[in-house]
Amino acid sequence: MKVKVDDEAKIRRAGKLINDKLKRYREEFGLDDRQDLLAMVAFDCMVEAMEVNEVNSEDSEQISSTLSSINNQLKSLL
């Protein structure tokens, strides 16, 4: 896999996290089928990404609401 030098550390870290999850699932479920393990890891990663996106979305809405409120207060002062 070819990656930019700037992304190398991030890619290596991602690979380590994937390998750690594979090992954990192998030990936890007693599976040796690499395809099953990779599918489980992919599913787990997608669930985590969806949770992060939900939190980011909620945070963005809260920030937007707060900024709107501050903007309205500033307008009323002017």
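Lys 21 is buried, at a relative accessible area of 12% (buried means under 20%, exposed over 50%, and partly exposed in between, with a 1.4 Å probe and protein chains only). This is a predicted model, in which local features need pLDDT of at least 70 and side-chain atom pairs count only at pLDDT 80 or more, while totals for chains, interfaces and linings use all residues. Residues are numbered from 1 along each chain as its sequence is written, and side-chain values use heavy atoms, leaving out hydrogens and water.

**Around Lys 21**

- You will find Lys 21 in helix H1, residues 8-29 (helices are DSSP runs of H or I with at least four residues, numbered from the N terminus).
- Its side chain makes a polar contact with the side chain of Asp 44 at 2.7 Å (a pair of N or O atoms within 3.5 Å, one able to donate a hydrogen and the other to accept it).
- Leaving aside residues up to four places away in sequence, Lys 21 touches Val 41, Asp 44, Cys 45 and Glu 48 (contact means heavy atoms within 4.5 Å).

**The aromatic pair**

- Searching the whole structure turns up 1 aromatic pair (ring centres within 6.5 Å; planes under 30 degrees apart are stacked, over 60 edge-to-face, the rest tilted).
- That pair is Tyr 25 with Phe 29, stacked at 5.7 Å centre to centre with 25 degrees between the planes.
- Both residues belong to helix H1 and sit 4 residues apart, about one turn of the helix.
- Tyr 25 is buried at 10% relative accessible area, whereas Phe 29 is partly exposed at 44%.

**A charge over the ring**

- Arg 24 lies over the face of Tyr 25, 5.0 Å from the ring centre (NZ of Lys or CZ of Arg must be within 6 Å of the centre and within 35 degrees of the ring normal).

Definitions and conventions
Helices (H or I, at least four residues) and strands (E, at least two) are DSSP runs, numbered from the N terminus. Rings of Phe, Tyr and Trp (its six-membered ring) pair if their centres lie within 6.5 Å; planes under 30 degrees apart count as stacked, over 60 as edge-to-face and the rest as tilted.
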